[in-house]
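Let me put the picture up, and then we'll walk through it together.

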Amino acid sequence: MSFLPKPKLHHPKLPLNELGFTRRDYEGAISTLCAGCGHDSISAAIIQACWELSIAPHRVAKMSGIGCSSKTPDYFLGASHGFNSVHGRMPSVLTGANMANRDLLYLGVSGDGDSASIGFGQFAHSIRRAVNMTYIVENNGVYGLTKGQFSATSDKGSKAKKGAVNTDEAIDLVGIALQLGATYVARSFSGDKAQLVPLIKGALRHPGPAFIDCISPCVAFNNHEGSTKSYDFVREHNEAMNQLDVILGRMPITTEYAPGEVREVTQHDGSVLRLRKLHEGYDPTDRVAALHHLHERKAAGEIVTGLLYVDPEPQDMHAHLGTVERPLNALEDAALVPGAAALERINAALR
Ligand SMILES: Cc1ncc(C[n+]2csc(CCOP(=O)(O)OP(=O)(O)O)c2C)c(N)n1
Ligand code: SF4
Ligand SMILES: [Mg+2]
């Protein structure tokens, strides 16, 4: 058996969301990852976010590549669509699915090897094409599945479990995502559920390319002294920029903050991203300032987390290309096969 199903029984009084589902309805098979792996905490945060947002599971398409991180879609949203693709190729499969049917919520889950090493080009192009998706990289700085080689996000100077020192520069996927036009960019830590769940909720509600780099320690190969992706290192160097609440259009705004500490960003669908500032003067809608801040804090040895950038009026690939709104499988033959006269018109326009 390649997976372990969870027992269906649960307590009859578990709380229900607006659709009448319990949190357990958003779970998947039993995880086979190492006990303590950060990836399992991210799966739990995804489950919590989808349950709290009352997302219908059949409206989600979860896509991944290859790696321990890419195995995780098996452990959440068991009633959703899923496609476990080839190593580093998740972004193009997700792009294709999104082109064919924009009605689903696309959730790409990947690893640092999957997205920053073999799949770096795919990652970059899905962001610059503005695919409407939530793209989460479970970043442990190693190839966990193949026993702990450095990945392209391992920091220069960090040490492998057996002492080898990484001499190559690291790729910071947050910086790349900012540079290539992602309209929602965040970093978080698998050990900080209070920060991660709202960030995932905000990303799922965001109608454009949303990217979350989630540091996720690999307890088997990258949780030792000298690693910059260990639980201890991230806890000591984590510099949170803000705390996020996601308030849906239909929910009353009840949270109280002291005046001057809150920045609200209303998204196109009416949902409000309510950011409690921890850093004075930080503007999450200024892309250039976000990049500058990222580099500045990195030079000071800090890992900045929180919602680093958001564009409240994003446009996605469909808006750029002017594609048809209905999913391709819902179009009738006449629309799919417009005939020789239409083809002739297209050919004439190209002459
Ligand atoms: C084309 C191809 N090359 C190499 C591999 C071997 N391989 C499998 S997973 C992996 C790295 C996974 O690292 P990452 O994406 O960071 O995931 P993690 O296991 O760390 O969560 C590699 C190199 C493969 N499966 N396919
Ligand atoms: S090898 Fe590392 S990444 Fe893979 S399951 Fe174990 S702890 Fe997680
Ligand atoms: Mg990895």
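Before anything else, one term: two strands pair if DSSP finds at least two bridges between them. And please keep in mind that what you see is a predicted model.

Strand 7, residues 184–189, runs parallel to strand 8, residues 209–215, and six bridges join the two. If you want one spot to look at, find Val185, whose bridge partner in strand 8 is Phe211.

Now, is strand 7 buried or exposed? Six of its six residues are buried, so strand 7 is largely enclosed by the rest of the structure. You can check this face by face. On one side you have Tyr184, Ala186 and Ser188, and on the other Val185, Arg187 and Phe189, and all of them are buried.

If we skip its neighbours within four places in sequence, Val185 is in contact with Val174, Ala177, Leu178, Phe211, Leu308 and Tyr309.

In soluble globular proteins, nonpolar side chains tend to be buried together. Here, the largest nonpolar core has 67 residues, and the members that touch the most others are Ala177, Val185, Ile200, Phe211 and Leu308. Which helix gives the most to this core? That's helix 1, residues 38–52, with seven residues. Apart from this core lies another one, of eight residues, including Leu33 and Cys218.

Ligand 1 has its own shell. How many residues surround ligand 1? The count is 18, and the closest are Gly67, Ser69, Gly111, Gly113 and Gly144. Helix 2 (68–71), helix 4 (112–117) and strand 5 (142–143) each give two or more residues to that shell. Helix 4 gives the most, with three. By class, we get six nonpolar, nine polar and three charged residues around ligand 1.

An unreviewed UniProt entry places a domain called "Thiamine pyrophosphate enzyme TPP-binding" at residues 66–214. In the model, that span is 34% helix and 23% strand, and its end C-alpha atoms lie 17 Å apart.

Let's look at helix 3, residues 90–100. Its buried residues are Met90, Pro91, Val93, Leu94, Thr95 and Asn98. What covers them? The list includes strand 1 (60–64), strand 2 (81–84), strand 3 (105–111), helix 4, helix 5 (120–128) and strand 4 (133–139).

Okay, over to another set of strands. Strand 12, residues 272–277, pairs with strand 10, residues 242–247, in the antiparallel sense over six bridges. Strand 12 also pairs with strand 11, residues 262–266, again antiparallel, over five bridges. Look at Val272 in strand 12: Ile247 is bridged to Val272, and Thr266 stands opposite Val272 too. Strands 11 and 12 form a hairpin with five residues between the strands, and in that hairpin Gly270 takes a positive phi near 95 degrees.

Ser54 has a phi of about 55 degrees, and Ser54 sits in the loop between helix 1 and strand 1. Leu77 has a phi near 45 degrees, and Leu77 is in the loop between helix 2 and strand 2. Why does Leu77 count as buried? Because 25 other C-beta atoms lie within 10 Å of Leu77, and the cut-off for buried is 20 or more. Ser54 has 13 such neighbours, so Ser54 counts as partly exposed.

Last stop: His58, in the loop between helix 1 and strand 1. With 11 C-beta neighbours inside 10 Å, His58 counts as exposed. Even so, His58 touches Ala79 and Ser80, leaving out residues up to four places away in sequence. His58 and Ser80 are 22 residues apart in sequence, but their C-alpha atoms are 4.7 Å apart in space.

Terms used:
Residues numbered from 1 in each chain as written. Chains lettered and ligands numbered in written order. Predicted model: local features only at pLDDT ≥ 70, side-chain atom pairs only at ≥ 80, totals over all residues. Core = buried A, V, L, I, M, F, W, Y, C linked by C-beta atoms within 7 Å. Buried ≥ 20, exposed ≤ 12 C-beta atoms within 10 Å, placed from the backbone. Helix = DSSP H or I, 4+ residues; strand = E, 2+ residues; numbered from the N terminus. Contact = placed C-beta atoms within 7 Å. Near = placed C-beta within 6 Å. Nonpolar A, V, L, I, M, F, W, Y, C, P; charged D, E, K, R; others polar. UniProt positions renumbered as here; feature names shortened; annotations may be inferred.
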